Amino acid sequence: MAAQNHCLLEQQPIPVIPEEKIAESKMRRKCWEINHFFKCPTIGMCLSLAEQKQLLKKIGLLGKKDGAYDIHEKLVASLESENRLSRRVDNLLNRKYGKKIEPLLDLDPDAFVAYFKEAMQNGDGAIGLWAAGMHPNLPLEASRVVFGDVHMSMHWAAEERLKTARKMARQEREVASLKERAKSQSVQYRSMQKEVKGCQCKCKRLESELATVRRENAHLQNTLLALDRQNHFRLAEDLEAENHRIRQDNESIAIRLEKALRQAAALEEENRRLILKVDDMSNLNLHVQEQTEAIIGEMSSWNRCDSTCPSFDLCKKRILMVGGITRIKSLYRELVESHGGVFEYHDGYVKKGAKYLEGCFKRADMVICPVNCNSHAACSIIKNLGKKHNKPVHLLPNSSLSAISQAILGTEDGQINTTAGSFSSDAGPVA
């Protein structure tokens with residue numbers, strides 16, 4: 001890729017601007033005069049999506065179904081020549097960055113490159129990129145450094161998105177674990193509630209028994225007084241011992257009741273805390289899911305093409321995918337069917353024999369097999385079936401949407417690879 005970019009820089013010579021035009025514009029280029037390789041990143045980094053939409057809307061070029069890529073493509077195409085849209089783009093960029101880039105046009109190449117690198121680190125790379133495009137005499141090597149930093153920053157941004165997706169997947173698993181724990185706690189809480197109710201009923205029963213015992217005790221005390229008069233001291237001692245035993249039993253019951261009530265209160269507090277935590281994690285899970293869908297949708301859009309592309313329509317070809325990430329099977333299907341193909345999926349498990357897999361293989365026009373999601377045995381069977389039935393097989397290093405899109409949308413010349421029995425370790429460039 002670096003070699004291709006270097007060749008691209010060498011193939012795009014810097015246009016020479018007449019001296020009188022340089023004097024009038026303070027050595028600034030127009031946006032349609034900048035180097036070809038700066039036009040795409042300039043639109044993407046220097047203009048927000050809202051500004052891009054507004055530019056197209058003002059001249060009636062914004063379609064109702066235009067997505068971000070369609071808008072970007074129209075603006076980049078307009079910079080190939082001077083026209084109404086390119087002049088509006090030039091005016092808007094000069095209003096945003098004109099005063100800021102004036103001192104940059106006087107810097108020598110080394111100082112300009114140093115400023116650009118610092119601006120990229122500080123998040124102000126758009127100013128440096130526009131200054132590089134406007135600069136009429138920036139050497140090829142300095143232009144190459146600017147383009148290289150911008151190009152690699154896009155790769156790093158994609159890597160950060162993938163890290164974010166993996167982090168969100170871990171958080172989803174944690175949320176599921178917390179939900180399961182909360183469910184278990186809820187069952188335990190209901191069980192304790194039943195036990196507390198049983199203790200309360202038992203307490204009421206014991207209180208009733210205690211009242212009866214107290215009445216009996218009062219009656220016994222009266223009897224004791226009568227017996228005292230008759231010098232029945234032994235009977236009084238027995239009654240006093242019985243009374244003491246009853247008081248101890250009562251105290252023991254009271255202690256057990258108090259302990260049960262404290263335990264019930266603690267369980268109620270724990271249940272309330274877990275319910276709040278589950279609500280928080282549910283909200284977080286929803287937010288994570290929305291971000292994941294947005295990121296996957298954005299990644300999928302990188303490989304889309306329009307009706308002018310030779311690989312736009314798969315012409316109802318049946319694409320068999322063996323293995324891959326099962327939970328995003330719907331995204332694989334959407335990718336194939338959106339380009340006119342018929343999607344068929346096999347999970348790659350061949351423990352019960354390869355007969356069903358071979359049946360799927362016979363129906364397919366193209367077979368895709370990510371090697372990182374399949375066993376060696378499954379990959380070997382796929383290769384043998386490809387040779388046996390003379391069908392094209394693509395062995396991909398991974399099961400990402402980008403790799404799958406590149407595999408089904410073609411080879412370097414933008415055509416679908418339908419060579420019988422062919423094998424590939426990657427999908428080739430995007431059509």
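These legends walk through several close-up views of a predicted model.

**Figure 1. The whole protein, before we zoom in.** Let's start with the overall count: the protein has 14 helices and five strands. It runs to 431 residues, and 36% of them count as buried. Now take the contacts between residues at least 6 apart in sequence: 75% of them join residues at least 24 apart.

**Figure 2. Helix H3 meets helix H6.** Here we have H3, residues 36-46, and H6, residues 84-101. Their axes come within 12 Å and cross at roughly 55°. That angle makes H3 oblique to H6. Which residues make the contact? On the H3 side they are Thr42, Ile43 and Cys46, and on the H6 side they are Val89, Leu93, Lys96 and Tyr97. As for handedness, the crossing of H3 and H6 is left-handed.

**Figure 3. Helix H3 again, this time with helix H5.** H5 covers residues 68-78, and its axis comes within 9 Å of the axis of H3. The two cross at roughly 130°. H3 is therefore oblique to H5. This crossing is right-handed. From H3, the residues that take part are Lys39, Cys40, Ile43 and Gly44, and they meet His72, Leu75 and Val76 of H5. Keep an eye on Ile43: it meets H5 here, and it is also part of the contact with H6.

**Figure 4. Asn374, a buried residue in a loop.** Asn374 sits in the loop that links strand E3 (366-370) to helix H13 (376-389). Is Asn374 buried or exposed? Its relative accessibility is 12%, so Asn374 counts as buried, since the cut-off for buried is under 20%. A polar atom of the Asn374 side chain lies 2.8 Å from the backbone oxygen of Pro370. Leaving aside residues up to four places away in sequence, Asn374 touches Val322, Gly323, Asp347, Gly348, Cys369 and Cys379.

**Figure 5. Glu358 and its partner His389.** Glu358 belongs to helix H12, which spans residues 355-363. Its relative accessibility is 18%, and that is why Glu358 counts as buried. What joins the side chains of Glu358 and His389? It's a polar contact of 3.0 Å. Apart from residues up to four places away in sequence, Glu358 touches Leu385, Lys388 and His389.

**Figure 6. Asn390 and its positive phi.** Look for Asn390 in the loop between H13 and strand E4 (393-396). Its phi is near 55°, a positive value in a residue other than glycine. Why point that out? Most residues other than glycine have a negative phi. Asn390 has a relative accessible area of 46%, so it counts as partly exposed.

Key: Residues numbered from 1 in each chain as written. Predicted model: local features only at pLDDT ≥ 70, side-chain atom pairs only at ≥ 80, totals over all residues. Heavy atoms only, no water. Helix = DSSP H or I, 4+ residues; strand = E, 2+ residues; numbered from the N terminus. Buried < 20%, exposed > 50% of the residue type's maximum accessible area, 1.4 Å probe, protein only. Contact = heavy atoms within 4.5 Å. Polar contact = N/O pair within 3.5 Å; in protein donor to acceptor, adjacent residues only side chain to side chain. Axes fitted to C-alpha atoms, helices over the stretch in contact; angles between N-to-C directions. Parallel < 35°, antiparallel > 145°, perpendicular 65-115°, else oblique. Left-handed = near helix turned anticlockwise from the far one by under 90°.
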